[in-house]
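Me: Could you take me through this structure? I would like to start with the overall layout and then turn to the side chains.

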Amino acid sequence: MPRGGKRKGAGRPKGTGKFGVPTKAIRVPESMVERIVGFIHRKADIYPLFAEQIQAGYPATIEEQPAEELDLNGLLVKNASATFFVRATGDSMINAGIFSGDLLLVDKSEDPKNGDIVIAVINNEFACKRFMKDGEKIELRSENPDYPAVGIPEGTDLQIWGVVKHAIHSV
């Protein structure tokens, strides 16, 4: 008599589990189980996105049902393995919409282009500045007239840790 394997009528009918859809067993590292279960319970960080735009002036009506779902990872993160967060402090970048306490999403896989906001290390000190390059001359600029631009003379130890892609702040 054979043992094991799939038997007719065995198990729970497809789609009747706690998720309401068919599931599949997969192998994951034990160290990741808690993180993956949390991800599933958060519905994979997908949130409702309504089609209507919200007026910042006069009130307008809005439909009760979202038009689609919004995956924040898909929207904000282009290269997950090269993405990190850092918290901003100070007010040298306020005219770029970066305020003290903001959470900055940084992509370290991108090469900075002229005008990008970057996380830089200048002689072992961190800075968030606008990257400007003219030929071989590099300048890191603040976005507040109270702070001067930082010229990078030859021989200065400059490392660009990444390009700031998004700033997240509370209102």
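Predicted model: local features only at pLDDT ≥ 70, side-chain atom pairs only at ≥ 80, totals over all residues.

Me: How many helices and strands does the chain have?

Reply: There are two helices and nine strands in the chain. Read from the N terminus, the order of elements is α-β-β-α-β-β-β-β-β-β-β.

Me: What share of the residues counts as buried?

Reply: The chain has 171 residues, and 20% of them count as buried. Its exposed surface comes to about 13,600 Å², of which carbon and sulfur atoms supply 53%.

Me: And among contacts between residues at least 6 apart in sequence, what percentage join residues at least 24 apart?

Reply: That figure is 49%.

Me: Turning to charges, how many salt bridges are found in the whole structure?

Reply: The search of the whole structure gives five salt bridges. One of them is between Glu-110 and Lys-165, where the closest N and O atoms are 3.1 Å apart. This pair links distant parts of the chain, 55 residues apart: Glu-110 belongs to the loop between β4 (103-107) and β5 (117-122), whereas Lys-165 is in strand β9 (residues 158-168).

Me: Is Glu-110 buried, exposed or partly exposed, and why?

Reply: Glu-110 has a relative accessible area of 23%, so it is partly exposed. Buried would require under 20%. Lys-165 also counts as partly exposed, because its relative accessibility is 35%. Salt bridges with shared partners bring Glu-110, Lys-113, Asp-116 and Lys-165 together in one network.

Me: Which residue forms a salt bridge with Arg-141?

Reply: The partner is Glu-139, and the closest N and O atoms of the pair lie 2.5 Å apart. Arg-141 is partly exposed, as its relative accessible area is 36%.

Me: What about the hairpin of β5 and β6: which residue takes a positive phi?

Reply: Asn-123 takes a positive phi near 50° in that hairpin, which has two residues between the strands.

Me: How many bridges pair β6 with β7?

Reply: Five bridges pair β6 with strand β7 (residues 137-141), again in the antiparallel sense. Here the bridge partner of Lys-133 is Ile-138 in β7. The hairpin of β6 and β7 has two residues between the strands, and Gly-135 takes a positive phi near 70°.

Me: One last topic. How many aromatic pairs does the search of the whole structure find?

Reply: The search finds one aromatic pair. The ring centres of Phe-126 and Trp-161 are 4.8 Å apart and the planes are at 90°, so the pair is edge-to-face. Phe-126 is in strand β6 and Trp-161 in strand β9, so that the pair links distant parts of the chain, 35 residues apart.

Methods:
Residues numbered from 1 in each chain as written. Heavy atoms only, no water. Salt bridge = Lys/Arg side-chain N within 4 Å of Asp/Glu carboxyl O. Buried < 20%, exposed > 50% of the residue type's maximum accessible area, 1.4 Å probe, protein only. Helix = DSSP H or I, 4+ residues; strand = E, 2+ residues; numbered from the N terminus. Pairing = 2+ DSSP bridges. Contact = heavy atoms within 4.5 Å. Areas by Shrake-Rupley, 256 points an atom, 1.4 Å probe, with all protein chains shown as cover. Phe/Tyr/Trp six-rings, centres within 6.5 Å; stacked < 30°, edge-to-face > 60°.
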